[in-house]
Amino acid sequence: MAWAGSAAVPAGAERTPDRVLTGVVGAGLTSLEVLRRLDAGPRGLVEDEATRRLQRYGENAVLPRRPAAWAWRLLGTLRDPFTAVLLGLGVVSAFATSWSTACVIAVLVAVSCVLRSAGEYRADRSVAALRDLVATTATVQRRADEESAPLVREIPVEELVPGDVVRLGPGDMVPADVRLLRADGLTVHQAALTGESAPVAKRVPDTPVELARPLFDQPHLCFAGSSVTAGTATAVVTATGADTHFASAHRGPTGRRRGAFDRSVNGISWTLIRFMTLTAPLVLLANTVLRGRGLETLPFAVAVAVGLTPEMLPVIVTTALARGAAQLARRVGVIVKRLPALHDMGAVDVLCVDKTGTLTQDQLTVDCYLDTDGHTDPAVLHWAAVNSLWTIQLADVPAPDALDEAILAAAKAAGGPAADRDDLLCRTPPPPARPERALSAVHEPAAARATLMDVGGVDVIPFDPARRVVTAVVQRPGRPAVHTLVVKGAVEDVLDRCAIDEETRARVLRLAGRHAARGLRLLAVALADRPARARPYTPADERGLTLLGIVGLRDELTATAADALAALARRGVAVKVLTGDHPGTAARVCAELGLTPGEIVTGDRIDALDDARLAQLADTTTVFARCTPAHKARVVRALRRGGHAVGFLGDGVNDVAAMHAADVALCPHAAVDVTREAADVVLAEKDLTAIDSAVAAGRHSTGNIATYLRIAVSSNVGNVISMLAAGVLLPFLPMLPAQVLAQNLCFDISQLAFAYDRPDAASVRRPSVLRPYAFSRYITVFGLVNAAADLATFAVLGVFTRGQTAFHSGWFTENLITQALVMLLLRTARGPLPGALRWATGALAAVGLLLPLSPLGAALGLAALPMAYYGCLVMVLVAYGLALAACRKFGWPVG
């Protein structure tokens, strides 16, 4: 797709879509020229034109929003390793002219593929619908018609088109490839494109940028897939959807995040596949050497290998996780964006959270405003409010920070209508001139000072999580030649920028420590006068400040936090607090919630530790204070290196790095765009109670998957051992290949009911992880128990039956009934049987009893059995059931 009116492509250059404009043409043109090439303007597109462009160029989506077509999904299931092995065994059977074996294998593959593709299709449609509830939006400037004034509004990112004028703020995802028209302190994180971990400064250059400069280093270009860490900007969209550089870099197989669940299932799957590839040659060799049967036993060896395959594993996994995700969304408003993340939630044993808004309500009120000697000083509140007011207006933040709102509310209550934020935001004329006053005037009585409406905003240096301060540059009445920097931020960081002696610094820190111990959140306020200038202010100007004092704010505890922490503790989930607040504040909040803070580790101590020592410390530490985003990410990685499954709950730009480092990332629905994109699980509210429900749902789904794997594979292993023993002991094959495959098909279909099992309290009490070693031990023990029951059946059959047809029928019946018994006795949940499981086990036992009596049974080589056999079979089944119950009662083996 190419734009009408765009610049001609140089001779010999490949004609590509809008990347030509973004990467080459846009680099050497002024903003006005770029707008002309796009047939757009700084006031934004007309709505009708935007609709036409959307129809022409499609949605702004890198990957299709709709699930893949059902037919393509069906073909995709053939890439599953188990399916590939089955197809290979089917081909071997066809070459050996064992058509019945080949046909039954084909039926097994077809049933598995159809059920899996249908389940995945439904699951993807459900997840797509849920994702729409947390869809990312973009702030766009459009017009109703050519004569209308531009209107700024939010639209879904998918509706953006080239030529749209968008606004960017802290926490926003860059929705497309854009060219900056205006920027104010803008820094962008573009690690998804360049791998650089540090944010990159972006600006509108004064002169055209050199074309030879690397594309991602050009300061006036931002790209889809990056995110705004600080500052604001207005930009014009130059490329969308598949034409963006992000789409080019990620074309081909998608880099889906792989968590603990994927690694566990893949490890178990390949262990079974290796076992399967050894089984068929072993059976063939045993029959050849000991019985001299040769290649005529090849179909039987193939059938035994097929019998080891848990064909329904992908179906069970998809169904169990999809049901769990749907129930979470319906009951508690938790949206799972990536189905395997539900298992990862069940495996979580450490949950990292911030303090503000999670353990506390994030509804702050000003508790005190003190000078450096600890006396109440209205001047401190006044200048803090000046900073908050102009930060909100000039930084153009998406939503006012709770700190700023609380300070402005307190200033309004103290100063009356003159301190009303809304009045000033609507005021555009410059403030009237007043007599010039010196910086020391901040200590005059409140009535003699300029009100908030008298101070004019000039510039703002936005908050940066690394600096932990925000600066508003203002002009006081009657002082046109002087700009005043009003700095507000973390106490230590503001003190580092002040011109004070060590005694004063120590006194202020002691004062802050005493109030932090009361659970207050503290901010320091400082001023500095600078000669007025036109060029922008930078963090380098935040030096030599005059300290005014501190503001203390109180945040009440969340009503449900204490109960939620106790519930998570009962589930074996340790909660760790990672916050940028003062250590005393964090400790007080944790103590009030019943969470023992212990020794508090601060960011400077984290910097002094290597990865190994940090992993040891993180395991025993509950509270990490004064943390930057990099500190949070390091702590999360350290916990994972220590063997923990880690979840991280965040809602801001400063949490994204830690969310990417965690096994599973969570965020509230109201989080900023970049955080919602990074999250695997989205909560309706920032409430730990919902996380407890998500953990329980994850353990429920994982328990059902684990139950299927343990029962299916242990039964299959027992059958293989029995077949090897029978092949050596009997003068004929213990079961025909078609009979082996038929019983395997019946068993696999019946086990689909495990996806609908209901857990009991004990099954969700501890983290659920599929561990290959414990799994192997489990199936070995119960496989041997199952083989012992089969050998006892062989003895009974030797007494009551004559000939291979009766033997095949007797073992076929015993196999299906014992497998039904295993489903009942070895299920993970110990509560009442759900209806699906009752019907499945009943049907399986009925097939075992009735199939040998039916015409289909005769076609499979089965026949009726003498009545005496059934009496002995009951005794074998009772002994088998008692053995299973004893193993389960004594908790061995634990898988």
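Patches, as the word is used here, are made of residues with over 30% relative accessible area and no salt bridge, with like charges joined within 9 Å and nonpolar side chains (Val, Leu, Ile, Met, Phe, Trp, Tyr) within 5 Å. A salt bridge, in turn, is a side-chain nitrogen of Lys or Arg within 4 Å of a carboxyl oxygen of Asp or Glu. One nonpolar surface patch of this kind is made by Leu-849, Leu-850 and Leu-853 and covers about 280 Å², with accessible areas taken from the Shrake-Rupley method with a 1.4 Å probe (for residues, only the protein chains shown count as cover). Leu-853 sits in the loop between helix 29 (835-850) and helix 30 (855-859); helices (H or I, at least four residues) and strands (E, at least two) are DSSP runs, numbered from the N terminus. Leu-853 counts as exposed because its relative accessibility is 52%, where exposed means over 50% relative accessible area, buried under 20%, and partly exposed in between (1.4 Å probe, protein chains only).

A word on the model itself. This is a predicted model, in which local features need pLDDT of at least 70 and side-chain atom pairs count only at pLDDT 80 or more, while totals for chains, interfaces and linings use all residues. Residues are numbered from 1 along each chain as its sequence is written, and side-chain values use heavy atoms, with hydrogens and water left out. The pLDDT, the predictor's confidence in each residue from 0 to 100, has a mean of 78 over the protein chain, and 76% of the residues reach 70 or more. Residues 1-25 have pLDDT below 50, with 53 contacts in the model beyond near neighbours in sequence; a contact means heavy atoms within 4.5 Å. Residues 416-450 also stay under 50, and here the model has 61 contacts beyond four places in sequence.

As for the overall build, the protein chain has 31 helices and 22 strands. Of its 895 residues, 56% are buried. Among contacts between residues at least 6 apart in sequence, 74% join residues at least 24 apart. The accessible surface comes to about 36500 Å², and carbon and sulfur atoms account for 60% of it.

On to the inside. In soluble globular proteins, nonpolar side chains tend to be buried together. A nonpolar core is a set of buried Ala, Val, Leu, Ile, Met, Phe, Trp, Tyr and Cys residues joined through side-chain atoms within 4.5 Å. The largest one here has 107 residues, with Leu-688 and Ile-691 making the most contacts inside it. Helix 25 (residues 688-729) is the top contributor to this core, giving 16 residues. Leaving aside residues up to four places away in sequence, Ile-691 touches Met-345, Leu-351, Leu-649, Leu-666 and Leu-683. Another core lies apart from it, with 32 residues, including Val-350 and Met-659.

Some loop residues deserve a look too. Arg-468, between strand 12 (456-461) and strand 13 (469-475), has a positive phi of about 65 degrees despite not being a glycine. Arg-626 likewise has a positive phi, near 55 degrees, in the loop between strand 19 (623-625) and helix 22 (629-641). Arg-626 counts as buried because its relative accessibility is 12%.
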